[in-house]
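Subject: Structure handover

Dear colleague,

I am passing the structure below on to you, together with an account of what was found in it. Please look through the sequence and the coordinates first, and then read on.

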Amino acid sequence: MTATLNRATTPAALEPAVRLSLAPDGARAGRLDGAWWPRSRDLLLELPSLAAEIDGRWGRITRITVNPAQWPVIPRRIPVTGHTVHAGWFTTEQDEHTIAVYSYAPRRLNLLVVPPATDAVVAARLMSEATAPANTRTASELLAAEADSGAAGQEFRPDFLPSAAAPGDGPGEAGRRAAVARSRAASWPVPA
């Protein structure tokens with residue numbers, strides 16, 4: 001279920017804690033298990049609400065993995081209510097527009113990450129497409145198709161970070177970002 005509210009007319013206290021849409025349970029042909037629309041690129045700020053929502057529906061979250069091309073800082077451990085979620089990253093093995101969520105059960109969810117600055121109508125469409133049982137496209141393919149369509153005249157920029165779409169980044173850029181993220185995350189205190 002996805003709730004979309006108009007931020008201009010909705011008080012912040014009434015907004016849902018997390019903007020998440022999961023595919024229906026059961027056998028699926030799709031590559032994605034749902035979509036998540038964070039409000040920022042700060043995993044320490046965003047992940048606790050995502051973990052709390054998924055913990056209640058699906059089982060305790062123990063680990064997440066992301067692609068460092070889309071996240072400026074990837075801490076090793078993220079404190080959430082009652083436990084710690086371990087974070088990791090893959091530069092080539094994981095689509096840069098997904099987050100993989102692992103539970104204690106052992107189960108895994110692959111979620112499309114809708115860029116935070118995305119228009120609400122476009123985000124709702126992307127979340128619906130990602131959760132459709134017939135969807136066989138990857139997260140990057142969904143975002144590229146949305147950027148190419150320019151539907152309803154709404155501007156859509158699939159880049160999470162401005163440098164993520166720059167053609168001059170080259171193959172070593174993701175590794176450089178991962179090294180920066182590792183050095184920053186090393187300075188974070190380890191939760192007790």
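**The sheet and what packs on it**

Strand β3 (residues 61–66) pairs with β6 in the antiparallel sense, and five bridges hold the pairing; within it, Ile61 has Ser103 of β6 as its bridge partner. Please keep in mind throughout that this is a predicted model.

On its other pairing, β6 is joined to β7 by five bridges, and these two strands also run antiparallel. Thr98 has its bridge partner in β7, namely Leu112, and the two strands make up a hairpin with four residues between them. Five of the six residues of β6 are buried, so this strand is largely enclosed by the rest of the structure.

To set these strands in their context, the protein has four helices and seven strands, which follow one another from the N terminus as β-β-α-β-β-β-β-β-α-α-α. The seven strands form an open sheet of mixed pairing, in the order β1-β2-β7-β6-β3-β5-β4. Its edge strands are β1 (20–22) and β4 (77–80), each of which pairs on one side only. On average, and with direction ignored, neighbouring strands of this sheet are turned by 25° against each other. Helix α2 packs on the sheet, where it touches β1, β2 (34–36) and β7, and its direction makes about 150° with that of β2.

The hairpin formed by β4 and β5 has two residues between the strands, and in it Gly82 takes a positive phi near 85°.

In helix α3 (residues 139–149), the buried residues are Ala139, Leu142, Leu143 and Glu146. Seen down the helix axis, these residues fall within an arc of 95°, so they line one face of α3. The buried residues of α3 pack against β6 (98–103), β7 (108–113) and α2 (120–131).

Thr118 is found in the loop between β7 and α2. Why does Thr118 count as buried? Its relative accessibility is 7%, and a residue counts as buried when this value is under 20%. A polar atom of the Thr118 side chain also lies 2.7 Å from the backbone oxygen of Pro115.

**The protein as a whole**

Of the 192 residues of the protein, 39% count as buried. The accessible surface comes to about 9,800 Å², and 55% of this belongs to carbon and sulfur atoms. Among the contacts in the protein with a separation of 6 or more, 67% are accounted for by residues 24 or more positions apart.

With best wishes

Notes
Residues are numbered from 1 along each chain as its sequence is written. This is a predicted model: local features need pLDDT of at least 70, side-chain atom pairs count only at pLDDT 80 or more; totals for chains, interfaces and linings use all residues. Side-chain values use heavy atoms; hydrogens and water are left out. Buried means under 20% relative accessible area, exposed over 50%, partly exposed in between (1.4 Å probe, protein chains only). The arc is that of the directions from the helix axis to the C-beta atoms. Contact means heavy atoms within 4.5 Å. Accessible areas come from the Shrake-Rupley method with a 1.4 Å probe; for residues, only the protein chains shown count as cover. Two strands pair if DSSP finds at least two bridges between them. Axes are lines fitted to C-alpha atoms, for helices over the stretch in contact, and angles run from 0 to 180 degrees between N-to-C directions. A polar contact is a pair of N or O atoms within 3.5 Å; within protein, one must be able to donate a hydrogen and the other to accept it, and residues adjacent in sequence count only if both atoms are side-chain atoms.
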